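Here is a short briefing on one protein structure. Look at the sequence and the fold first, then work through the points.

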Amino acid sequence: MDHELELPIRFAPEACFLNIVAALGDVALHDFTGKVHITSYRTTRFPEPFIRMNSPGLKDVDTKFMVWGLFLMAFYIHTHDAFQMGFFSLQWKGEEVAGLGIAGTPKLADTAGVTPLNAGVRVGFAFFGGPLVLGKGSVFMTIIMSLQEAAPQGATDTIHETVINYLPNEPTAFIVTPTRRARRSRGPYFTNAVLIDALSRTAEFYAASNIYRQLELNISVGDVKVAQAAFVQRRNLGSLNLLNATDLHEHDLQTA
């Protein structure tokens with residue numbers, strides 16, 4: 001992926017990360033083997049920067065390219081402290097297939113928008129583990145990496161087993177375990193779409209609190225708890241028992 005940065009306009013790291021999560025959370029719900037329309041993304045919390053999608057001839061783009069590109073763009077700005085206006089060219093087998101930009105104003109003003117959340121999903125949050133700080137960039141990159149990992153699965157596919165995600169050089173890990181009830185034949189179920197929604201809400205919660213500590217999540221569909229999850233320091237994974245975790249205080253967060 002080639003990149004071109006424009007100086008000197010910079011944005012808060014959490015603004016770039018949260019708006020990338022908004023873009024990736026929407027794209028990840030599409031058919032991974034299909035295509036997505038090019039558009040722009042932002043959140044109400046951070047109207048700027050816009051995450052701008054582009055393509056040669058303004059044609060639809062393969063979903064997989066946009067998923068990979070959003071992750072790579074986030075990884076680049078994180079590792080290079082490049083939270084500023086810039087453009088990234090996505091290339092596949094030597095040919096440009098799409099572009100991504102971090103922009104102060106949208107080039108596609110009529111299509112820029114906010115990714116809506118599923119009203120039926122509820123997530124409760126509670127910090128734990130004392131003052132241990134995971135780090136803003138590490139937390140957001142773990143969320144973005146988890147969205148990338150979820151994208152190839154179908155939105156309605158049911159998650160039956162524990163999922164653990166982390167980046168090799170980051171201290172944060174994400175672990176999620178479906179409840180015993182959610183694994184049974186009668187719904188509601190812990191689907192991939194519910195996981196993607198919960199990850200988007202978690203990014204919003206972290207940005208709103210501006211506290212980047214270990215975090216437990218209760219994930220429910222309606223009034224039924226379907227999964228327990230946590231963002232933890234990787235070295236603490238072995239001592240975490242999600243199935244016996246206590247109920248958490250519930251926060252209803254909306255980005256629309």
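**Strands, helices and cores**

V221 stands opposite V224 in strand 12. Strands (E, at least two residues) and helices (H or I, at least four) are DSSP runs, numbered from the N terminus. This is a predicted model: local features need pLDDT of at least 70, side-chain atom pairs count only at pLDDT 80 or more, and totals for chains, interfaces and linings use all residues. Residues are numbered from 1 along each chain as its sequence is written, and side-chain values use heavy atoms, with hydrogens and water left out.

**Strand 11 and its partners**

- Strand 11 and strand 12 (residues 224–233) pair in the antiparallel sense over seven bridges. Two strands pair if DSSP finds at least two bridges between them.
- The two strands form a hairpin with two residues between them. In the turn, G222 has a positive phi of about 65°.
- Strand 8 (residues 121–127) also pairs with strand 11 in the antiparallel sense, over seven bridges. Here G124 stands opposite N218.
- Six of the seven residues of strand 11 (residues 215–221) are buried, so this strand is largely enclosed by the rest of the structure. Buried means under 20% relative accessible area, exposed over 50%, and partly exposed in between (1.4 Å probe, protein chains only).

**A buried glutamine**

- Q228 lies in strand 12. Q228 is buried, with a relative accessible area of 1%.
- A polar atom of the Q228 side chain lies 3.2 Å from the backbone oxygen of L217.

- Helix 2 (residues 63–79) has 17 residues. From first C-alpha to last, helix 2 reaches 24 Å, close to the 24 Å expected at 1.5 Å a residue. The expected span is 1.5 Å times one less than the number of residues.
- Buried residues in helix 2 include M66, L70, F71, A74 and I77.
- D81 follows helix 2 and has a positive phi, near 50°.
- Helix 4 (residues 192–209) has 18 residues and reaches 26 Å, close to the 26 Å expected.
- Helix 4 is mostly covered, with 15 of its 18 residues buried. N210 follows helix 4, and its phi is positive, near 55°.

**Nonpolar cores**

- The largest nonpolar core has 72 residues. A nonpolar core is a set of buried Ala, Val, Leu, Ile, Met, Phe, Trp, Tyr and Cys residues joined through side-chain atoms within 4.5 Å.
- M66, L70, I77, I143, I144, F190 and I219 touch the most other members of this core.
- A second, separate core of six residues includes A173, I175, A230 and L237.

Technical notes: A polar contact is a pair of N or O atoms within 3.5 Å; within protein, one must be able to donate a hydrogen and the other to accept it, and residues adjacent in sequence count only if both atoms are side-chain atoms.
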